[in-house]
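Hi,

Here is the structure I promised to pass on. Have a look, and my notes follow below.

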Amino acid sequence: MIEYRNLRIALLGGGSVGAQVAALLLEHGEELANRVGAGLELTGIAVRDVDAPRTADIPHELFTTDAESLILGADIVIELMGGLEPARSYILQAINSGADVITANKAVLATHGPELFEAAEQVGAQLYYEAAVGGAIPIIRPLRDSLAGDRVKRILGIVNGTTNFILDRMEKTGESLDDALAVATELGYAEADPTADIEGYDAAQKAAILASLAFHTTVPLSGVHREGITKITHEQVEAARKAGYVVKLLAICERLTDAESGIDGVSARVHPALVPAAHPLAAVHGANNAVFLEAEAAGSLMFYGAGAGGIETASAVLGDVVSAARRHVIGGPGIAESTHAELPVLPISDVTTRYQLTLEVEDQPGVLATIAALFSEQGVSVEAVSQNVTGERGPDQPTATLVIVTHEAKESDLAATAVALAASDVVRAVVSVLRVEGL
Ligand code: NAP
């Protein structure tokens, strides 16, 4: 029997996700009330235009343009407007008026997270954000709760569905990046301005959130190294396939320790990478997302599913609503974010990984020895060399394409090697340098 008073829920935003959250709250209200032990009353939905068409059937009287009045008196505020402002101000207003806040807004968390968590801690409120990374995929709660007793070593995430769709399509159809992007736009996977996705900004925000949680450390957005997919060519995707790899845009969060060099900290980076075809992440197709995680005791885990979509993302938001409502019924303060470790956030130059370099070189005796010497001078060890294609610049200028895979090397050493190669007389062009991950 439900004895607790109704909990008042204010929704900010009635777009792709917000409309679905409202519809599910209205449709499944009784079932959710039984799970929580209190009725859940949707008091209103703040939008810019109350008459705009909605993707779900929602009573018109619930819509308002007065977000501030809606927040006052709410027990739970769900922020699904997106962007930095006024989202940040409304979240702070909600926290300061005693409400718990649920958000799917990775931008506001990656940019203003510490301020928002601090405000929540001050008043004993809680900020929930399961939907901010990986849409429907449960990853925040597993990191915060299920793995709280373990030590996370590394996270490799496909956290942007648009870029995964584009790269997957380039591999399957042989299309160029521009053509695959056009298809993504037509199907609604890419926005009219795709910059946030294809330049890796969206994935970088998610990397900052994941790294902060995984390593109990505040990792600011400015500490995330970011490279997008705009320079990836069909030729690179095809060459990767032939060599047994797929190209993926990865968000990589790592705990870096090396007693010899004194490195001790965390790193977060987003860039295209070669992933072995047999790795579970290589099987993530279309616009799906996945987070592959390695923990000291748990070993390897993978979380997979829909990384976006109105109703899918609404599932994660509703899970947070149930958690927040249960906490109200039980009582007690919210659990503060765990940032006790406060490890240094290290630059990309401290990262160690493997690399695949494609070089166009002079096809003449002694070239391989010269190139091998350049690698060894920078302390980079070569694992494999293959000669892919031979071409000809002119009758007297035969060229060859070399594909070189290195052993693990430090990013700064590899960067120095690439500079030395580009300056060498025997190298016509450093065609491509890609990191190899997941080995
Ligand atoms: P959306 O479709 O653009 O909807 C945004 C909603 O917020 C609209 O209803 C809009 O009102 C309202 N809004 C915007 N600015 C406002 C303001 N200043 N005052 C009052 N209302 C305002 O966005 P969405 O796709 O639902 O995304 C919402 C959040 O979820 C974002 O943070 C996004 O990153 C996150 N998210 C989305 C997905 C997804 O698949 N879409 C997945 C994961 C996370 P009008 O309708 O009147 O314009």
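How many salt bridges does the count come to, taking a side-chain nitrogen of Lys or Arg within 4 Å of a carboxyl oxygen of Asp or Glu? The count comes to 26.

Before the details: this is a predicted model, where local features need pLDDT of at least 70, side-chain atom pairs count only at pLDDT 80 or more, and totals for chains, interfaces and linings use all residues. Residues are numbered from 1 along each chain as its sequence is written, and side-chain values use heavy atoms, with hydrogens and water left out.

One of the salt bridges joins Arg-88 and Glu-115, with the closest N and O atoms 2.8 Å apart. Arg-88 sits in helix H4 (residues 87-96) and Glu-115 in helix H5 (residues 106-123), so the pair ties together parts 27 residues apart in sequence. (Helices, H or I of at least four residues, and strands, E of at least two, are DSSP runs numbered from the N terminus.)

Arg-327 and Asp-100 also form a salt bridge, at 2.8 Å from N to O. That one links helix H12 (residues 310-330) with strand S5 (residues 100-103), 227 residues apart. Arg-327 is buried at 15% relative accessible area, and Asp-100 is buried at 1% (buried means under 20%, exposed over 50%, partly exposed in between, with a 1.4 Å probe and protein chains only).

Then there's the sheet: six strands, open, in the order S3-S2-S1-S4-S5-S6, with parallel pairing (strands pair if DSSP finds at least two bridges between them). S3 (63-64) and S6 (127-128) stand at the edges with a single partner strand each, so one side of each has no neighbour in the sheet.

Cheers
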